[in-house]
Amino acid sequence: MKTAHDLVAAAKTRVQEISVEEAESAIRDADLLLDVREADEYAAGHLSGATHIPRGLLEFKFSGTPALQPRGLRIVLYCKTSGRAALSAVALHEMGYLSVQSIAGGYDAWVAAGKPVAHPQPPSFE
């Protein structure tokens, strides 16, 4: 019986992982920067310009959102450490997306490298 770790390891052999340094250029060229973490993780901080679609909704959102359906979209995605991103990248490849890259080490590697993050601001009632 396979574990989650086994599935992630297998997924990582099938996806294109890029370093944080490579990610900066890839993000500039991407049509979509995608954060596949959970809502609380995204709210605590995310890469600027990232669209949030949790891993559990990924296939449904891509299937049901016309703007996300062109298979030629250039997609860069990430999660906390890159496991969910690898699984997401495999799913997108299986759905026919041709250009999907995952940031190696995910959000944690981005932060560790001192790269900027966005923090949503709560609404002000003043």
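Begin by selecting β1 and β5, two parallel strands joined by 3 bridges. Strands here are DSSP E runs of at least two residues, helices are H or I runs of at least four residues, and both are numbered from the N terminus. Within this pair, Gln16 has Gln101 of β5 as its bridge partner.

A note on the source is needed before going further. This is a predicted model, in which local features need pLDDT of at least 70 and side-chain atom pairs count only at pLDDT 80 or more, while totals for chains, interfaces and linings use all residues. Residues are numbered from 1 along each chain as its sequence is written, and side-chain values use heavy atoms, with hydrogens and water left out.

**The sheet**

Next, select the strands β1 to β5 together. They form an open sheet of 5 strands in the order β1-β5-β4-β2-β3, with parallel pairing; two strands pair if DSSP finds at least two bridges between them. β1 and β3 (51-52) stand at the edges with a single partner strand each, so one side of each has no neighbour in the sheet.

Now move to β4 (74-78). How many of its residues are buried? The count is 4 of 5, so that β4 is mostly covered; buried means under 20% relative accessible area, exposed over 50%, and partly exposed in between, with a 1.4 Å probe and protein chains only. β4 runs parallel to β2, to which 4 bridges join it, and Tyr78 in β4 is the bridge partner of Asp35. Another 4 bridges join β4 to β5, also in parallel, and Val76 is partnered by Gln101 in β5. From β4 the chain crosses through α5 to β5, and this β-α-β crossover is right-handed: with the strands pointing away from the viewer, the path from the first strand over the helix to the second runs clockwise.

**Along the crossover**

Select Ser82, in the loop between β4 and α5. Its phi is near 110°, a positive value in a residue other than glycine. Ser82 is also buried, with a relative accessible area of 1%.

Continue into α5 (residues 83-94), whose end C-alpha atoms are 17 Å apart. This agrees with the 16 Å that its 12 residues should span at 1.5 Å a residue, the expected span being 1.5 Å times one less than the number of residues. Buried residues of α5 include Gly83, Ala85, Ala86 and Ser88. Their cover includes α1 (4-12), α4 (58-64), β4 and β5. After α5 comes Gly96, with a positive phi near 105°.

**Helix α2**

Select residues 20-29, which make up α2, and colour Val20, Ala23, Ala26 and Ile27, which are buried. They lie on the same side of α2, because they cover an arc of only 100° around the axis, taken from the directions from the helix axis to the C-beta atoms. The buried residues of α2 pack against β1, β2, β4, β5 and α6 (106-112), contact meaning heavy atoms within 4.5 Å. Turn to the face away from this buried side to find the exposed residues Glu21 and Arg28.

**Last stop: Glu41**

Finally, select Glu41 in helix α3 (residues 39-44). Which residues does Glu41 touch, not counting those up to four places away in sequence? They are Lys80 and Arg84. The side chain of Glu41 also reaches the backbone nitrogen of Glu38 at 2.8 Å.

Methods:
Polar contact = N/O pair within 3.5 Å; in protein donor to acceptor, adjacent residues only side chain to side chain.
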